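The model comes first, then the pairs.

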Amino acid sequence: MSIYKRPESTRYVIEIRWQGLPRLKLSTGSSSKKLAEAMQRTLYGLKDAGRLDVLRLLAKRKLRLADVHEDFVRDPAALLHRTAAAASPTIGPLLDAWRKWLNDPASLSPKTKRPYAPRTTQRYNVSWTRLLTLLPRGRDAALADITRGFLADFRAQRRREGASGATVNRDLCAVGAFLTWCEQEREIGVHRPALPRERESAGRERWLDAGDLSQLEAALPARGGTYSRPWRTRGCVSAKRRGCAGATFACRIR
């Protein structure tokens, strides 16, 4: 264990070796020896508290010693959040794997139990392109960066851009589908923030036309090879969440 300065630097460095842990060689970012000694005490405090996860992240340069020291002394809850974010996988490679999985005919939607339609995967890609533009680090962001606060900012930004409630809901649907894949296919423990839905305009509801009726008749079972009577509908088909896997269309049939 030692605290020293490099000849070419004015900042102190802490170097510690503990059995069972990677070697810690960390810059304090400070020219104050008193502060460097306080940071050293923080490292010992983390070891005594069993926070080996934090020490390993420090060794891998995924956390800064100055940030860890500040949280450990003043706000332990913030340290938990910082550690979770640092340990969280990067979104970019996960998105690439998810998109490949979506396009595989052997992949089934957990809701419909059918392969994903090309239109659905295309809509997911459009939504995630928008999401990545708002994430501060884009594809390099961590999965833990998908927080309730981020989604609230995203929704507000989309509405400022003039997106309808239904469009925003489709974007949130893409987030939910991605998180479900992370949990079920990759077995990644993720925090699922609440995904509040935007109110959709009643103007998106419409009467069934002839084409809709034809599709409805083709999808519903026939009785004895023919339908017992012509279909007469009164009601509407809700177009909200169209493009989302597992979306349902409701109508009243008489």
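Start with D145 and R137: in this predicted model, their side chains come together in a salt bridge, with 2.8 Å from N to O. How exposed are the two partners? D145 has a relative accessible area of 23%, so it counts as partly exposed. R137 is partly exposed too, at 47%, and it stays out of the exposed class because that class begins over 50%.

Next up is D67, which pairs with R82 through a salt bridge whose closest N and O atoms sit 3.7 Å apart. That still makes the list because the cut-off is within 4 Å. Where do the two residues of this pair lie? D67 is in helix α3 (residues 65-74) and R82 is in helix α4 (residues 76-87), so the bridge links distant parts of the chain, 15 residues apart. D67 is partly exposed at 23% relative accessible area, and R82 is partly exposed at 31%.

Then there's D53, which bridges to R51 with 2.9 Å between the closest N and O atoms. D53 is partly exposed, its relative accessible area being 34%.

Here are those pairs side by side:

| D145 | R137 | 2.8 Å |

Which residues are linked in a network of salt bridges? They are R123, R130, R158, E161 and D171.

And the overall tally? The model's count comes to 12 salt bridges.

Methods:
Residues are numbered from 1 along each chain as its sequence is written. This is a predicted model: local features need pLDDT of at least 70, side-chain atom pairs count only at pLDDT 80 or more; totals for chains, interfaces and linings use all residues. Side-chain values use heavy atoms; hydrogens and water are left out. Buried means under 20% relative accessible area, exposed over 50%, partly exposed in between (1.4 Å probe, protein chains only). Helices (H or I, at least four residues) and strands (E, at least two) are DSSP runs, numbered from the N terminus.
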